[in-house]
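Me: I have a structure open and would like to go through it piece by piece. Can you take my questions as they come?

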Amino acid sequence: MVLIIGGAYQGMLEYALEKTHYRPSDVYNCTRDRVDIDFSKRILNNVEEICYACLEADRNPVKFMAARRSKWANSVIIMNDISCGLVPMDPRDRAARESASRLAIYLVNEADAVIRVFAGLAKRLK
Amino acid sequence: MNVFISGGAKNGKSDFAQELAVKMAGETDRTLYYVATMIPHDDEDRERIERHQWNRNGLGFRTIEAGKNLSQALTDHEGVYLIDSVTALLSNEMFREDGTMYHSAPRKIKAELKELCHTMDSLIFVSDYMYSDAMEYSDTVEEYRKGLAEIDKTLAKECDAAIEMFYGFPTQYYKNEDVPEELKQMAARNDSAARLEKARTFGQLVLDLPESEEDQ
């Protein structure tokens, strides 16, 4: 698994598509209202959204992803970094933000490569 | 050398950019310009401007006030220009005084700065990194953030160096950064080459079809 992390609008998905030659139809965009993720897609985008969806369904995002490890072990996972900035007012958003960082740390440990994208440019962290 | 610098608030972007500008001008004995982009709206803005001016005292900068239309303001093609900040350039252009929004502002500034990067070789751009929080913003703010990110990406690509400042520590990002082997393997494994070949064959079949019934 290759993990690509960066801030909003930094061009992580564009980078992944360009380097892997996968196409937009190979991408699954996670949303905060669904936990039934289509792991057959090669690129999982906006994976931080899984945290919102998991908490809504009363599940632990790290355990949720760990239990499905074999399904994404050869995928590209893209996460928006939402760890900086103001603490969200909504307790659920606060919990999701914290669990997104915990999930990122879990995925960093599991990843074969970790890349950070800044203004469209990539840097390998692991 | 054109340089793009971004990073969080008070992380040392301006200081780093100023040192770089002074060094660039000193090496080549050229005029040093500070492009002041902020149009002050209140006392806080005026204080910030004063603080920045104080910081630049004695460094030899000539200040140019240019909140908009940079290409008209940067006339000395031999000069070293510090443009601080891209963030202000976009807000000046995007949020009009009458309260309306100029939606094409990012596209306009992107084109303008790209052109400047092509015609001049000693530009230092300072932008603000505002992309790593969990807040949900209004559509207006999201449009602004996205617009700034588009400009940032263009500058990072067009400039010779892209730098992220983190509490005084600069990190350089490279366009020719090695693509991780894992991604290359994915590219090799995926069947896009085969799919392309299939598409070509299909295209050829379409081309080979008779154009009209008369041809048959």
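Reply: Ask away, and the answers below follow your order.

Me: What kind of model is this, and how are things numbered?
Reply: It is a predicted model, in which local features need pLDDT of at least 70, side-chain atom pairs count only at pLDDT 80 or more, and totals for chains, interfaces and linings use all residues. Residues are numbered from 1 along each chain as its sequence is written, while chains are lettered from A and ligands numbered from 1 in the order in which they are written.

Me: Start with chain A. How many helices and strands?
Reply: Chain A has five helices and six strands. Here helices (H or I, at least four residues) and strands (E, at least two) are DSSP runs, numbered from the N terminus. Along the sequence the pattern of chain A reads β-α-β-β-α-α-α-β-α-β-β.

Me: What is its radius of gyration, and what would a compact globule have?
Reply: Chain A has 14 Å, and a compact globule with 126 residues would have a value near 14 Å, so the two agree. The radius is taken over C-alpha atoms, and the globule rule is 2.2 Å times the number of residues to the power 0.38. Along the principal axes, the C-alpha atoms of chain A fill a box of roughly 40 × 30 × 25 Å.

Me: How much of chain A is buried?
Reply: Of its 126 residues, 45% count as buried. A residue is buried if 20 or more other C-beta atoms lie within 10 Å of its own, exposed if 12 or fewer, and partly exposed in between, with C-beta atoms placed from the backbone.

Me: Which residues in chain A have a positive phi without being glycine?
Reply: Asn46(A) is one of them, with phi of about 50°. Asn46(A) sits in the loop between β3 (43–45) and α2 (48–56) of chain A. Asp58(A) is also a non-glycine residue with positive phi, near 60°, and lies in the loop between α2 and α3 (61–67) of chain A.

Me: Buried or exposed, those two?
Reply: Asn46(A) is partly exposed, because 17 other C-beta atoms lie within 10 Å. Asp58(A) is exposed, with 6 other C-beta atoms within 10 Å.

Me: And Met65(A), what does it touch?
Reply: Leaving aside neighbours within four places in sequence, Met65(A) is in contact with Leu103(A) and Tyr106(A). Contact means that the C-beta atoms of two residues, placed from the backbone, lie within 7 Å. Met65(A) lies in helix α3 of chain A and is buried, since 22 other C-beta atoms are within 10 Å.

Me: Where is the cis peptide bond?
Reply: The cis bond joins Asp84(B) and Ser85(B), with omega about 20°. Ser85(B) lies in the loop between β4 (80–84) and α4 of chain B.

Me: How do α4(B) and α6(B) cross?
Reply: The axes of α4 (residues 86–94) of chain B and α6(B) come within 10 Å and cross at roughly 130°. Therefore α4(B) is oblique to α6(B). Axes are lines fitted to C-alpha atoms, for helices over the stretch in contact, and angles run from 0 to 180 degrees between N-to-C directions. Angles under 35 degrees count as roughly parallel, over 145 as roughly antiparallel, 65 to 115 as roughly perpendicular and the rest as oblique.

Me: Which residues meet there?
Reply: From α4(B) come Val86(B), Thr87(B), Leu90(B) and Met94(B), which meet Tyr144(B), Gly147(B), Leu148(B), Ile151(B) and Leu155(B) in α6(B). By class, the residues of this contact are seven nonpolar, two polar and no charged. Ala, Val, Leu, Ile, Met, Phe, Trp, Tyr, Cys and Pro count as nonpolar, Asp, Glu, Lys and Arg as charged, and the others, Gly among them, as polar.

Me: What about Met165(B)?
Reply: Met165(B) is in strand β6 of chain B and is buried, with 22 other C-beta atoms within 10 Å. Met165(B) and Ile5(B) are 160 residues apart in sequence, yet 7.1 Å apart in space, C-alpha to C-alpha.

Me: Last one: how many residues does each chain put into the contact between them?
Reply: Chain B gives 29 residues and chain A gives 29 residues. On the side of chain B that touches chain A, α6(B) gives the most, with seven residues.
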